[in-house]
Amino acid sequence: MADRVSSLGDALSGVENLIGRSPAMLQLKDQIRQIAGSTSTVIVTGESGTGKELVARAIHFSSPRSQEPFVSVNCMALNPGVLESELFGHEKGSFTGAVAMRRGRFEQASGGTLFLDEIGELPLRLQSKLLQVIQEKQIVKLGGIKPVSIDFRLVAATNQDLEALVEKKRFRSDLFFR
């Protein structure tokens, strides 16, 4: 599944839903509780299968935004053109097959949390647009001209070494530090 939209039905996805009592798990739960109340962008790193999305959900459902949507997008599962339309939405007639206006994932997450899984796979052109969205808190739909204000918290995840990708010029340093 490339993306999901969740809301009130996931109320049990908070920190209490993470299983484990090892010192590392207890430390992780404490970190989640500490950052859940902030509005800061969060990057979750770890190898594939380690539960990065569970951590993202725990952050969201332990935060003041818990009653708002949790929107998940896997950046690796969609080709760049489709991903851009999924994130930003589009206006009717903006491309072949755009028979109606469509709200993108940024708009769907407004008030809540947008989780970008595999952010290291995001193409450079979309990294630039993401940085602008983070800074401006506005988007423009594909084919649109009117900015749309949005309020979301970004939680991203990757199994890649983003610092190494920055050095290789495959990930924007300004986005990394944001």
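How many aromatic pairs does a search of the whole structure find? The search finds five, where rings of Phe, Tyr and Trp (its six-membered ring) pair if their centres lie within 6.5 Å. The model is predicted, so that local features need pLDDT of at least 70 and side-chain atom pairs count only at pLDDT 80 or more, while totals for chains, interfaces and linings use all residues. Residues are numbered from 1 along each chain as its sequence is written, and side-chain values use heavy atoms, without hydrogens and water.

Phenylalanine 70 and phenylalanine 115 form a stacked pair, 6.0 Å centre to centre with 20 degrees between the planes; planes under 30 degrees apart count as stacked, over 60 as edge-to-face and the rest as tilted. Because phenylalanine 70 lies in strand E3 and phenylalanine 115 in strand E6, this pair ties together parts 45 residues apart in sequence; strands (E, at least two residues) and helices (H or I, at least four) are DSSP runs, numbered from the N terminus. Phenylalanine 70 is buried, at 0% relative accessibility (buried means under 20% relative accessible area, exposed over 50%, partly exposed in between, with a 1.4 Å probe and protein chains only). Phenylalanine 115 is likewise buried, with a relative accessible area of 0%. Phe61, Phe70 and Phe115 form one aromatic cluster.

The rings of phenylalanine 106 and phenylalanine 152 are tilted, with centres 5.4 Å apart and planes at 50 degrees. Phenylalanine 106 belongs to helix H4 (residues 105-108), and phenylalanine 152 to the loop between strand E8 (148-149) and E9. Phenylalanine 106 is buried at 0% relative accessibility, and phenylalanine 152 is buried with a relative accessible area of 3%.
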